[in-house]
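Hi,

Here is the structure I promised to pass on. Have a look, and then read on for what turned up.

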Amino acid sequence: MRFSQRIGVKPIRSVIQQGAIDTALRNSLWNVFRDFIPESAYRGWNSATQDAKRFFDAIWRDFFKNAVDNVPNGRDLAVAELRSWWLDAGDATWDEIYDIVEFGISIIGQKASYIKAVNAVLSREMSAYRVVAGQLQTVIDEVEIASIEEAISGGGDTVRVHITTAIKYLSDRSAPDYRNSIKESISAVEAAVRDYTGGEETLGAAIAKIQKTQPMHPAFASALSKLYGYTSDEGGIRHSLTDEAVEPTQAEAQFMLVACSAFVNLLKASTAR
């Protein structure tokens, strides 16, 4: 992660890719799509190349809404033209890339393998989208991203360091560290709580103190305490690893980042009352 991302200058939208696709994600999605194009040992179209011909006919006819007569004469030529549109010419916008990735589900024979490969790339490259029930769906939305940005910009220096460090661990594409991302997210909450109360309380004790002046619904206060308990118990996230430790997932780390950012913002709003 670059300096501008670590200190919160670069928007979180550039880390969690929503409404855009960077070069790495664009290339990776092409590589997946390319791997599932039917093979052909012949240059032109003939009876031995019908699988590839039907594949490209579907793309030209149903995706590009173009005449099938315009499909290049042979698999290699068709791949080259599609690649140029996808990568080289700059013609394909980010949403069109997602359109054709989703369209691929309807024409690729090995659907389960294709979807698994697509989702692996989307996860690795921190895309805000995943294939769910055969369609691309948003898994982290505008409101959640805005909440993280608000926590970074308005939560105080210590909170900002913890939140941006949590993002750093979560978004490291070569070696993500979900355990420490969760730890940093909950540490941001503890820092915000200390700022709010002016004390050194742990989260659990601070929630009880906050309740005296800013009453919360009991179920809500209990949920916050249980989140803290999860970080204390689940696989030794805040303590030493246990023999039964289970590594947290990206989804868990992402949830904790969003949830803890939202709680930071709640405390900030309570202070302003």
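Before the rest, some housekeeping. This is a predicted model, so local features need pLDDT of at least 70 and side-chain atom pairs count only at pLDDT 80 or more, while totals for chains, interfaces and linings use all residues. Numbering starts from 1 along each chain as its sequence is written, and side-chain values use heavy atoms, with hydrogens and water left out.

Watch residues 239-243, where pLDDT stays under 50. Where pLDDT is low, the predicted coordinates should not be read in detail.

Back to helix packing. Helices are DSSP runs of H or I, at least four residues, numbered from the N terminus. Axes are lines fitted to C-alpha atoms over the stretch in contact, with angles from 0 to 180 degrees between N-to-C directions.

The axes of helix 2 and helix 6 (residues 111-124) come within 10 Å and cross at roughly 170°. That makes the two roughly antiparallel (over 145 degrees; under 35 is roughly parallel, 65 to 115 roughly perpendicular, the rest oblique). L25, S28, L29, V32 and F33 of helix 2 are in contact (heavy atoms within 4.5 Å) with Y114, A117, V118, V121, L122 and R124 of helix 6.

Helix 8 (residues 157-171) and helix 9 (residues 178-197) also pack at about 170°, axes 8 Å apart, so helix 8 is roughly antiparallel to helix 9. Their crossing, though, is left-handed.

Helix 7 (residues 142-154) meets helix 8 at roughly 140°, with the axes coming within 7 Å, and the two are therefore oblique to each other. I148, A151 and I152 of helix 7 touch V159, R160, I163, T164 and I167 of helix 8.

Last, the aromatics: the whole structure has 17 aromatic pairs (Phe, Tyr or Trp ring centres within 6.5 Å, using the six-membered ring of Trp; planes under 30 degrees apart are stacked, over 60 edge-to-face, the rest tilted). One of them, W45 with F56, is tilted, at 6.4 Å centre to centre and 45° between the planes. W45 sits in the loop between helix 2 (23-35) and helix 3 (50-63), and F56 in helix 3.

Cheers

How values were computed
pLDDT = per-residue confidence, 0-100. Left-handed = near helix turned anticlockwise from the far one by under 90°.
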